[in-house]
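Hello,

Here is the structure I said I would pass on. My notes on it follow below.

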Amino acid sequence: DSGIEVKDFGASWRDGIAFLALIDSIKANLVNIAEMRKESNRTRLNTAFDVAEAKLGIARILDAEDVDVEKPDEKSIMTYVAQFLHKYPEPRKQSAGHETTIQQEYNEFMRWLQERTDTFESLIQEDRLSRNFSDFMGAQSENKSREAAYKKFLTLTSSKKNILGVPHGANELIQSLWQKLERQMLYWLWSLDLRLPGNFKVVAKWLCDAETILMGDDIPEAMNEETASIISRKLEEHKQFFAEYPNIVEVFKKTRTFPLDPSVHPEEIALMEKRLYDIGPRATQRRIRLKFLEHKCCLIAFLNLVENKLKLWTAKCGRQEKVQQLLDQYQNFVSRNKIFQEFSKAFVDMQQVVEEYKRDGNITKDEVEDIERFMRDTETRWTSVSMELRCARNMLEEVIAYWKRWNLLTSEFVPWLGDAEAYVKKSEDERLEFFQDIGVWREKYQLIVDTGNFLAGTCEDEISAELKSAISDLTSRWERLFGATKHYVHAGDILKNRQEYRNGLERLSNWLRYAEQVLQNQSLGTTEEIKRYGEAVQKLQGEIDDIEELFKHISKVFQSLIQDLSREEVDKNMSILKKEKEALVRVRAMIPARLHLFHQLLVQHESLESGQREITEWLNEAETLLSSLSLAGGRDHLNSELNRHKVFFQRTLYYKSMLESKNKVFQNVLKSITTEKNIDCSEAVDRMKELNERFDYVTKNAQQWENKLNEAVRCWRNFRDNERVIVHWLSQAEVFLGERPMEVKEVIETQKLFFDTLNERWMNELVQSAQDLL
């Protein structure tokens with residue numbers, strides 16, 4: 001009536017006029033369509049949404065920015081418009097005739113759709129589909145012209161108020177018929193493509209198979225291991241088939257470069273190209289979806305398996321052997337299979353798959369919300385299951401422990417109870433002797449009852465009845481026995497307290513004697529001894545609080561015994577406790593001082609021993625060197641020995657300084673322990689004295705050897721100098737003596753003068769230097 005043409009649920013609603021007209025059809029004068037035509041699209045859209053929400057109670061689930069785009073989301077607009085139809089099924093201007101018109105349109109559309117699908121079904125079965133691509137395009141165009149009506153009636157039939165008065169299930173019917181029509185059209189297109197020549201037929205065959213795969217995801221609804229196996233197989237087949245996709249695209253591209261056969265319709269090839277390039281994203285989306293479903297099935301199957309196991313482990317228990325079997329099964333399943341770690345790993349993998357599915361799976365907002373809800377529910381479910389799983393193990397172990405306790409206690413108590421019932425009839429002395437520890441047996445009886453009641457509450461009904469019967473029998477027998485013997489409890493308590501007192505006192509005395517021995521240790525000469533001493537003192541410090549508590553407990557037990565002891569026994573034990581208390585106080589006072597001494601000695605002694613070791617090693621090397629020195633050999637050998645001696649002993653001052661430093665450290669150590677009369681340092685003193693004496697001896701011996709080597713080198717030098725003078729004179733003499741005799745007076749005078757220059761002192765010095773060497 002407003003003269004507004006609405007062809008679809010997309011672009012027809014972009015300018016906002018259709019929304020305004022819809023509001024005006026329900027209630028007049030809420031909007032002025034004529035004036036609003038002057039405004040922008042977004043102003044009209046915002047006005048329509050605001051008025052619909054304020055005046056008609058229509059929830060604003062759209063934003064102007066979402067609608068004022070080139071291709072608005074049709075599903076969102078359909079959902080929004082459906083609110084008007086639900087809330088106002090009878091618009092203000094609608095008449096009975098108008099309603100009849102809509103119903104007629106619906107009936108006509110359904111008649112057309114049914115006839116259309118029936119016709120195509122017959123043509124397909126009889127193989128009479130047209131082989132002319134133009135006929136296909138004409139049929140496709142007719143289908144497109146009906147698509148707007150299909151979407152409209154699909155929305156109207158989804159309304160709960162049944163606006164069209166159609167029978168239940170009409171929405172599913174119209175949807176299934178339209179999908180059937182789309183599949184029939186696709187089948188017609190496949191049959192046309194498969195008649196194409198050359199490589200186009202190869203591409204068509206692959207494309208037909210690909211579209212069949214993408215349309216045929218028949219996956220069971222049950223999320224279990226079987227479904228996971230089916231999905232896994234489909235995923236593997238998907239990967240293998242679509243691995244050929246790049247090759248098929250390449251074949252199509254190459255074939256497309258050649259001139260088309262006159263029999264080939266260009267639009268058919270163009271449509272094939274579009275479908276081929278659409279296959280890539282669709283295949284990726286299907287692969288991601290299958291991967292998501294596979295992980296989802298595995299995760300659900302995993303949880304179902306664990307929950308089924310839990311039902312076995314948390315059911316009513318049997319006897320000890322059966323419970324042990326359940327615990328073994330638990331350990332085999334949970335511990336060996338690392339269930340907790342495996343689920344955590346699977347859940348992390350699932351989160352990664354979900355992120356990929358949401359990002360690249362082309363899914364709707366509703367699907368995203370469903371997935372996120374599934375992940376939250378799964379995490380919550382696992383939190384509960386994992387907690388129960390841990391509790392199940394503790395429960396099984398606890399039941400086994402109670403069964404062991406029940407068997408042990410009853411095996412002791414039942415025979416004793418039989419003997420006790422016999423002793424009731426014996427003499428007073430015999431009864432006193434036998435029932436002196438009846439207080440202990442009373443505690444065991446109570447423990448048996450508590451254990452039995454626990455098992456009765458956790459075991460199967462038959463076993464529970466047996467346990468309750470056994471407890472009832474033991475209780476009746478015990479109450480009769482205890483009624484006749486309870487006056488012996490005090491005597492038993494006295495014996496128990498005396499034994500407890502003796503054991504406690506023995507433990508206290510042993511510890512104090514050991515502590516005194518440790519604190520009076522006289523051997524602290526080495527670092528290792530000091531460390532052992534420190535560890536022992538630290539151990540005492542860690543135990544002293546418990547020992548003091550032990551003394552208090554012993555004193556308390558003794559107080560309870562005083563009224564049953566003689567005066568002599570009381571005085572004796574009071575004296576013992578007094579002495580041990582004094583010893584405990586002394587030990588408590590000595591421990592901090594000994595720990596302080598330990599830390600002081602340890603630091604100083606480690607430094608001292610480190611220096612002693614280094615000096616000792618140097619002295620060992622020095623003595624080895626000195627023992628290897630020799631004065632035998634020539635001048636070069638002596639020079640080598642002297643050089644070796646000097647190089648090694650050039651660090652003498654360094655080690656002398658170190659020794660003096662360590663002597664000071666040692667004196668500090670001695671001062672630290674001068675007040676401790678019990679510590680024997682004689683061994684350390686002797687060791688330090690020996691080190692000093694050895695150092696003095698080595699340094700003196702080294703000095704002596706240096707003097708000897710210097711003297712030997714000097715003697716060799718003198719000998720060589722004297723030898724050189726004599727050799728030089730002899731060489732000249734041999735020259736003169738080798739000349740031919742001449743009676744020339746000058747020659748004779750020269751020779752006489754030369755031989756007169758022979759100095760006897762030269763020979764004496766040569767002989768003396770040789771004797772010095774010898």
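A residue is called buried when its relative accessible area is under 20%. Leu-540 has 0% relative accessibility, so it counts as buried. Please keep in mind that this is a predicted model.

Leu-540 is part of helix α20, which covers residues 527-561. Leaving aside residues up to four places away in sequence, Leu-540 touches Trp-511, Tyr-514, Ala-515, Val-518, Leu-519 and Ile-591. Between the C-alpha atoms of Leu-540 and Asn-663 there are 33 Å, and along the chain these two are 123 residues apart.

On the chain as a whole, the mean pLDDT is 85, with 90% of the residues at 70 or more. In residues 93-99 the pLDDT falls below 50, and this stretch has seven contacts in the model beyond near neighbours in sequence.

The protein chain has 26 helices and zero strands. Its radius of gyration is 56 Å, well over the 28 Å that the globule rule gives for 774 residues, so the chain is more spread out than a compact globule. Along the principal axes, the C-alpha atoms fill a box of roughly 165 × 140 × 60 Å. Of the contacts with a separation of 6 or more, 79% are between residues 24 or more positions apart.

Buried residues are 38% of the 774 in the chain. The accessible surface is about 45400 Å², and carbon and sulfur atoms hold 50% of that. There are 111 positive and 129 negative side chains, and the centres of the two sets are 2 Å apart.

Regards

Notes. Residues numbered from 1 in each chain as written. Predicted model: local features only at pLDDT ≥ 70, side-chain atom pairs only at ≥ 80, totals over all residues. Heavy atoms only, no water. pLDDT = per-residue confidence, 0-100. Contact = heavy atoms within 4.5 Å. Helix = DSSP H or I, 4+ residues; strand = E, 2+ residues; numbered from the N terminus. Rg over C-alpha atoms; globule rule 2.2 N^0.38 Å. Buried < 20%, exposed > 50% of the residue type's maximum accessible area, 1.4 Å probe, protein only. Areas by Shrake-Rupley, 256 points an atom, 1.4 Å probe, with all protein chains shown as cover. Lys, Arg positive; Asp, Glu negative; His and termini not counted. Charge placed at Lys NZ, Arg CZ, Asp CG, Glu CD.
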